Amino acid sequence: MIAVLWVIEPNALPTRARAVFAGLIAIRLAWAVFAGWVLSGRRPLFALHRVRAARIALERRPW
């Protein structure tokens, strides 16, 4: 979304704004690569994670 905003901007952005946009795009790409790496790995779900997930799923809400 940030890249689209940057591309469709009718006037040239100031240097600092371009640097911020580039930084935000780089951060987003880094998170996307990390998420892809995590999701592509076939690692087992450890027992502690299962216990925590079950506790979160079964937790009673006060509402």
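Which residues make the nonpolar surface patch of about 930 Å²? The patch is formed by Ile 2, Val 20, Leu 24, Ile 27, Trp 31, Phe 34, Trp 37, Val 38 and Leu 39, where patches consist of residues with over 30% relative accessible area and no salt bridge, like charges being joined within 9 Å and nonpolar side chains (Val, Leu, Ile, Met, Phe, Trp, Tyr) within 5 Å. A salt bridge is here a side-chain nitrogen of Lys or Arg within 4 Å of a carboxyl oxygen of Asp or Glu. The structure is a predicted model, in which local features need pLDDT of at least 70 and side-chain atom pairs count only at pLDDT 80 or more, whereas totals for chains, interfaces and linings use all residues. Residues are numbered from 1 along each chain as its sequence is written, and side-chain values use heavy atoms, with hydrogens and water left out.

The secondary structure of the chain comprises 3 helices and 0 strands, helices (H or I, at least four residues) and strands (E, at least two) being DSSP runs numbered from the N terminus. From that terminus, the elements run α-α-α. The radius of gyration, taken over C-alpha atoms, is compared with a globule rule of 2.2 Å times the number of residues to the power 0.38. For the chain the radius of gyration is 20 Å, well over the 11 Å that the rule gives for 63 residues, so the chain is more spread out than a compact globule. Along the principal axes, the C-alpha atoms fill a box of roughly 55 × 35 × 20 Å.

Buried residues (under 20% relative accessible area, with exposed over 50% and partly exposed in between, for a 1.4 Å probe and protein chains only) make up 2% of the 63 residues. The accessible surface, computed by the Shrake-Rupley method with a 1.4 Å probe and, for residues, with only the protein chains shown as cover, comes to about 6,200 Å², of which 69% belongs to carbon and sulfur atoms.

Helix α2 gives the most to the nonpolar patch, with 8 residues. Leu 39 lies in this helix and counts as exposed at 71% relative accessibility. Trp 31, likewise a patch member, is exposed at 55%, while Phe 34 is partly exposed with a relative accessible area of 43%.

Aromatic rings of Phe, Tyr and Trp (its six-membered ring) pair if their centres lie within 6.5 Å, planes under 30 degrees apart counting as stacked, over 60 as edge-to-face and the rest as tilted. By this rule there are 3 aromatic pairs. The rings of Trp 6 and Phe 21 have centres 5.9 Å apart and planes at 65 degrees, so this pair is edge-to-face. It links distant parts of the chain, with Trp 6 in helix α1 (residues 2-8) and Phe 21 in helix α2 (residues 15-40), 15 residues apart. Trp 6 is partly exposed at 29% relative accessible area, as is Phe 21 at 22%. Trp 31 and Phe 34 form an edge-to-face pair with 5.8 Å between centres and 80 degrees between planes. Both lie in helix α2, 3 residues apart, about one turn of the helix. Together with Trp 37, Trp 31 and Phe 34 form one aromatic cluster.

Helix α3 (residues 47-58) has 12 residues and reaches 16 Å from its first C-alpha to its last, close to the 16 Å expected at 1.5 Å a residue, the expected span being 1.5 Å times one less than the number of residues. This helix is hardly covered, with 0 buried residues among its 12.
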